[in-house]
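Subject: Structure for your review

Dear colleague,

Please find the structure below, followed by an account of what was found in it.

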Amino acid sequence: MAYRFNEIKLDKGMYSQPGKSFSQVLESLDPGENYKGTPLEGLDAFQRQLKRFDIKVRGAGSDTVEKFFSTSESSVLFPEYVSRSVKTGMEEGNILPSITASVTRFDGMDYRSIYSAASEDDKALRYVGEGAVIPQTEIRSADHLVKLRKRGRMLVASYEAIRFQRLDLFSVMLRQIGGQIMRMHLEDAIDVIRNGDGNGNAAETLAVGGPVLGGTAGTLSYSELLSFWNSFDPYTMNTLLAAPDVLVRILKCPEFQNPMTGLNFIGTGEAGNPLGAKLIRCSALPAGTAIGLDKGYALEMVTAGDVSVEYDRLIDRQLERAAITSISGFAKLYGDASRVLSV
């Protein structure tokens, strides 16, 4: 059987088609549906190109970086390999899906979100008599734009320095870059939750020892956690981000010391939570703080496309100071769906 992927002409222009990524361009030229029932089923168009040029990117028998540059066409695949490796690093340990209600893709740098300016009375479902006016909940555009931030790292290496490096090892370096970029996005998300997105919607901070939580400042007990959880009504605190020191204090509460919780933590590394919320350790938070939120209503993530790499430099082997970037921003949806706990 003749395979279409062997006939595709690869060139730099495939990276610059408006509204399409390199992978999408490849897939349009070589649809995966054509390979159903063949040994290549399950591979995407990029992976089929790796097979075409016999480039192995994983395992002990992986090729060297130089293999990408054996022909002018195979070198076109190198930026996509870099991009995918970085995205893998961004997805490893990524907690943003656990704290965002929605993800919006937007082409631009300034984004205007929407919000509901509803009072407690507006949220109530009132009895409506025949012919009476139905109560309204108003949806408005945010007053201030949400500015997207470009986060990235510079890949600084000469081709001579990496040409003989195994791709499996080089991928580790790229995944680390991805992890660093994602941490910066997480810090942006936490900043928006705590301080708002410019629309006067900073999260309320409840301090241990204060009138709402009670207790003694500098300590944390299950009683204060219960009061913090209860403050979310009518929302539900289903996610709790905690700085490492706060997480230790939570886990030391007697309510966390039952045998089943201990076995689950030892077996999976995930701490159970008597409050029913997903408990996440977050070193991006300042010591002594935690953030509780209703994941379904608190935060919107806005992203401008996938990971971007300077494909011209990479294809031409000019790796010195080749930028790898990702653009995203965050908008608060319902301001009272998230709160800060201060110990």
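How much space lies in the largest pocket? The answer is about 1,300 Å³. A pocket here is an open set of points on a 1 Å grid over the protein atoms alone, where a 1.4 Å probe fits, with protein on both sides within 12 Å along at least five of seven lines. Grid points are joined across faces, edges and corners, and the volume is the space filled by probe spheres set on the points.

Please note that this is a predicted model, in which local features need pLDDT of at least 70 and side-chain atom pairs count only at pLDDT 80 or more, while totals for chains, interfaces and linings use all residues. Residues are numbered from 1 along each chain as its sequence is written, and side-chain values use heavy atoms, with hydrogens and water left out.

The largest pocket is lined by 50 residues, of which Ser23, Glu80, Ser83, Arg84 and Lys87 are the closest to its centre; a lining residue has an atom within 4 Å of a point. By class, the lining comprises 16 nonpolar, 17 polar and 17 charged residues. Nonpolar means Ala, Val, Leu, Ile, Met, Phe, Trp, Tyr, Cys and Pro, charged means Asp, Glu, Lys and Arg, and the others, Gly among them, are polar. Helix α3 (78–91) gives the most to this lining, with nine residues. Helices (H or I, at least four residues) and strands (E, at least two) are DSSP runs, numbered from the N terminus.

Two of the helices that supply at least two lining residues each, α1 and α2, also meet one another. The axes of α1 (residues 22–29) and α2 (residues 45–52) come within 8 Å and cross at roughly 80 degrees. Axes are lines fitted to C-alpha atoms, for helices over the stretch in contact, and angles run from 0 to 180 degrees between N-to-C directions. The two helices are therefore roughly perpendicular, a term covering 65 to 115 degrees. Phe22, Leu26 and Glu27 of α1 make the contact (heavy atoms within 4.5 Å) with Ala45, Phe46, Arg48 and Gln49 of α2.

Elsewhere, five strands form an open sheet of mixed pairing, in the order β7-β14-β10-β8-β9; strands pair if DSSP finds at least two bridges between them. Strands β7 (204–207) and β9 (278–281) stand at the edges with a single partner strand each, so one side of each is left without a neighbour in the sheet. Four bridges join β7 to β14 (residues 338–342), and these strands run parallel.

Two backbone details remain. The peptide bond from aspartate 233 to proline 234 is cis, with omega near 15 degrees. Aspartate 54 has a positive phi of about 55 degrees although it is not a glycine.

Methods. Parallel < 35°, antiparallel > 145°, perpendicular 65-115°, else oblique.
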